[in-house]
Amino acid sequence: MKKVSATGSGKFLKKLEAFRPTLGSLPVSILAATYLLLSLNATFWARAGVYLQGEPWAYAGLFAAMFALFTIATVAVSVKYVIKPILIFYIAVAAAAAWFTDNYGVFVDTDMVRNVFETTRAESQDLMTPGLLRHFALYFVLPSALLSWVRVTHQTLGRKVLENGFTIFVCLLIFAGLAATFYKPYSAIVRTKRDLVKTLNPITPLVNTTKYLLGVSQEVALVVKPLGEDARIAAPSDGSSKPRVAIVIVGETARGASFSLDSYTRQTNPELARQNVIYYPNVSSCGTATDVSLPCMFSNLKRSGYSHKAGLENENVLDVLSRAGVDVTWMENNTGSKGVADRVRNVVITGSKDPRFCKDGDCWDEIFLEKIDEWLSGITKDSVLVLHQLGNHGPAYYERYPDAFRKFVPDCQTAELAQCTDAEIVNSYDNAILYTDFVLSGIVERLKARSSTLSTGFLYISDHGESLGENGLYLHGTPYFMAPDEQTRIPMITWFDGQFASSMGLGLDCLRKSAARPLSHDNLFSSLLGMMNVTAKVYQPEQDMFAVCRAAPALPSSS
Ligand SMILES: [Zn+2]
C-alpha cells in the first residue's frame with residue numbers, strides 16, 4: 001500500500017512539475033525589478049507625485065530612470081544559484097521597510113537600522129502585529145514562493161556576460177540620459193526634499209544597513225577618552241552637611257505638547273500640578289530617537305558635534321560626577337542605556353518578573369517607586385540616581401498604563417495604529433502621560449519624605465517627542481532637519497527642596513521666572529554638574545541652566 005501511495009504522490013509532484021513555468025534569467029530579473037518598484041514603493045511615488053506636481057514629464061522620466069536603476073540591481077545578480085536567494089532577500093528587505101514607511105512614516109536611515117539591531121525582544125514583539133504578518137504574507141511570502149516555483153533558465157556563461165553586460169549598459173545610458181534631461185527638477189528635489197530618497201526601497205535600507213555594519217566594525221576598537229579628571233565636589237554654599245541627592249528621570253517619547261503643565265488643554269498632569277514643580281516649555285531634543293538623544297544629552301558634545309562614534313569615544317557627565325566623588329546609579333526600565341551607564345552602577349529592571357508591575361518582559365514605571373525607597377535608605381554621601389523609564393514607548397501605548405489610568409477613552413488597544421482613529425491613538429498616548437504624571441509625582445513625594453536627613457532634587461527630561469498623526473506622521477525617528485515640533489519639543493521639569501536649592505545658592509523664584517528661555521539637551525551636561533556642585537574644566541557655566549539663578553559661583557572645597 002505504502003509503495004502505491006508513494007508512487008501516487010510522486011505522480012502528483014510530476015504533474016505539478018509540468019505546470020512549473022520556465023523563464024529566462026533576464027525576464028525574471030526585469031519582473032522582480034518591476035515588482036519592487038511598483039508594489040513596495042508607495043510612499044516614494046506618492047511623495048514624488050507631490051514634489052513634481054505640474055511636471056508630468058519629469059515624473060514619467062523619474063519612473064523610467066528608477067526602472068533602469070532597479071533593473072541594474074537585479075540583472076547584476078542574475079547568475080545561476082545566486083539569483084533566487086538575492087532577489088528574495090531584496091523583496092524581504094523592501095517588504096519590511098515598506099510596512100514602516102507606508103504605515104508610520106518612519107524612514108529606514110542608519111539610526112533606524114541601529115534601532116532594529118539593538119532593540120529588545122519585548123520591543124520587537126510590540127511591532128509584530130497581525131497587520132504586519134498579513135503584509136508580509138502578501139508582499140513577501142507570496143511573491144517569493146512564486147519566484148521559487150519558476151524554473152529559471154540561464155545562458156551559457158559567455159552569452160550571459162554579454163547579455164547582462166549589454167542590459168546594464170543600456171540601463172546606465174537611460175539613467176544618465178534622463179538625469180541630464182531633467183537635471184533641474186531632480187537636483188532641486190535631492191537638495192531640498194531629502195526625505196524622498198530615504199523612502200526608496202530596498203535601496204535605502206540596504207545602503208544604510210551596510211553603513212551601519214561598517215560603522216559597527218570600526219567602533220569595536222574604540223578607546224573611551226576620560227573626561228573631567230580634575231572634577232571635584234565644591235562645599236555647599238550654605239554650609240549644610242546633609243548628603244545632596246538628585247533623581248534624574250529620562251523620559252521616553254513624551255512630547256511637550258501633551259503636557260497640561262505645557263500648553264495642553266487636557267488635564268494630563270493633575271498630580272505634578274500640585275507639587276510646586278518648575279516646568280520648562282522651550283526645550284528641544286538632540287535627536288528624534290532614543291539611540292541618538294540618550295547618549296547625546298549626557299555627553300558634552302552638543303547636538304552639533306554629536307555622532308554615534310564620538311558619543312562612544314567620550315565619557316559623559318555620569319563619569320565626571322562619579323570621578324568627582326558623587327555616587328552614581330542608573331536604573332534601566334527601557335531598552336538599555338546605549339552606553340551611557342557603561343562605567344557606573346547599572347540596575348536593570350527590564351525583564352523583571354514582578355507580577356504586580358511586569359508582563360512579557362515590560363514593566364510599568366511604578367516599579368521604580370519601591371526601588372527608590374531602597375536606594376534612598378542606603379544613601380551615605382552625595383548621590384545621583386538616573387531612572388530610564390519606559391514612559392510612552394510606542395506603538396503599544398495602551399500597554400504602558402494600568403486600567404486605573406484609562407481615563408481618556410476610547411483608547412487604541414492595539415500596536416497597529418492603522419486600526420485606530422487618530423483620536424483613539426491620542427487617548428492611549430495621553431493615558432500613558434497621565435500615568436507618567438502619577439509616577440513622577442510619587443518620586444517627588446518620596447524625596448519630600450526624606451527632607452529631615454537629605455537635601456533632595458528632581459529633574460525630569462524626555463528623550464524626544466512623538467507624532468500622533470499630524471501631517472500623516474506617526475511615532476518618531478524622522479530625520480532631524482525635517483522633524484516636526486511634536487518630535488523635538490520635549491518636556492522638562494525640576495523640583496528642589498529648600499535645602500538642596502540653598503546648598504547650591506539657587507534662587508527658585510529666579511528659576512521659575514526664567515524657565516521659558518530656549519534650552520536643549522545641550523544644557524544637561526553642565527547643568528547636572530552645577531546641580532551637584534561639581535567643578536571641573538569641562539563645566540561650562542554658560543551652558544548650566546541654573547547658573548543665572550545662583551547667588552555666587554560655587555568654590556572648590558579646600559579639603
Ligand atoms: Zn526614546
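How much space lies in the largest pocket? The legends below begin with that pocket.

**Figure 1. The largest pocket of the predicted model holds about 940 Å³ of space.** A pocket is found on a 1 Å grid over the protein atoms alone, as an open set of points where a 1.4 Å probe fits, with protein on both sides within 12 Å along at least five of seven lines; lining residues have an atom within 4 Å of a point. Grid points are joined across faces, edges and corners, and the volume is the space filled by probe spheres set on them. The lining consists of 33 residues, of which F100, M112, N115, V116 and L127 are the closest to the centre. Two or more lining residues come from each of α5 (83–104), α6 (110–118), α7 (121–127), α8 and α12 (203–219). Sorted by class, the lining has 20 nonpolar, 11 polar and two charged residues. In this sorting, Ala, Val, Leu, Ile, Met, Phe, Trp, Tyr, Cys and Pro are nonpolar, Asp, Glu, Lys and Arg are charged, and the others, Gly among them, are polar.

This is a predicted model, in which local features need pLDDT of at least 70 and side-chain atom pairs count only at pLDDT 80 or more, while totals for chains, interfaces and linings use all residues. Residues are numbered from 1 along each chain as its sequence is written, and side-chain values use heavy atoms, with hydrogens and water left out.

**Figure 2. The second largest pocket has a volume of about 550 Å³.** Its lining is made of 26 residues, and the closest to its centre are D109, T110, D111, R114 and V292. The elements that each give two or more residues to this lining are α6 and α12. Helix α12 gives the most, with five residues. The classes here are 10 nonpolar, eight polar and eight charged residues.

**Figure 3. The protein as a whole contains 22 helices and 16 strands.** Helices (H or I, at least four residues) and strands (E, at least two) are DSSP runs, numbered from the N terminus. Along the principal axes, the C-alpha atoms fill a box of roughly 90 × 65 × 45 Å. Of the 559 residues, 52% count as buried. Buried means under 20% relative accessible area, exposed means over 50%, and partly exposed lies in between (1.4 Å probe, protein chains only).

**Figure 4. A nonpolar surface patch of about 650 Å² is formed by F12, L13, L16, F19, L146 and W149.** The elements that give two or more residues to the patch are α1 (2–19) and α8 (130–149). Helix α1 supplies the largest share, four residues. Patch residues have over 30% relative accessible area and no salt bridge; nonpolar side chains (Val, Leu, Ile, Met, Phe, Trp, Tyr) are joined within 5 Å, and like charges, in charged patches, within 9 Å. The areas come from the Shrake-Rupley method with a 1.4 Å probe, and for residues only the protein chains shown count as cover.

**Figure 5. Salt bridges link pairs of charged side chains, and their count comes to 18.** Side chains of opposite charge can pair when their charged atoms come close. In a salt bridge, a side-chain nitrogen of Lys or Arg lies within 4 Å of a carboxyl oxygen of Asp or Glu. K338 pairs with D291, with the closest N and O atoms 3.1 Å apart. K338 lies in the loop between β6 (327–332) and β7 (345–348) and D291 in helix α13 (residues 290–298), so the pair ties together parts that are 47 residues apart in sequence. Both K338 and D291 are buried. R406 and D411 meet in another salt bridge, at 3.0 Å from N to O. Here R406 is partly exposed at 37% relative accessibility, whereas D411 is buried at 6%. D262, D485 and R489 are linked in a network of salt bridges.

**Figure 6. Helix α22 (residues 524–531) is mostly covered, with eight of its eight residues buried.** Among them are L524, F525, L528 and M531. Just after the helix, N533 takes a positive phi of about 55°.

**Figure 7. G228 is found in the loop between α12 and β3 (232–233).** This glycine is buried, with a relative accessible area of 8%. The C-alpha atoms of G228 and L321 are separated by 8.7 Å, although the two are 93 residues apart along the chain.
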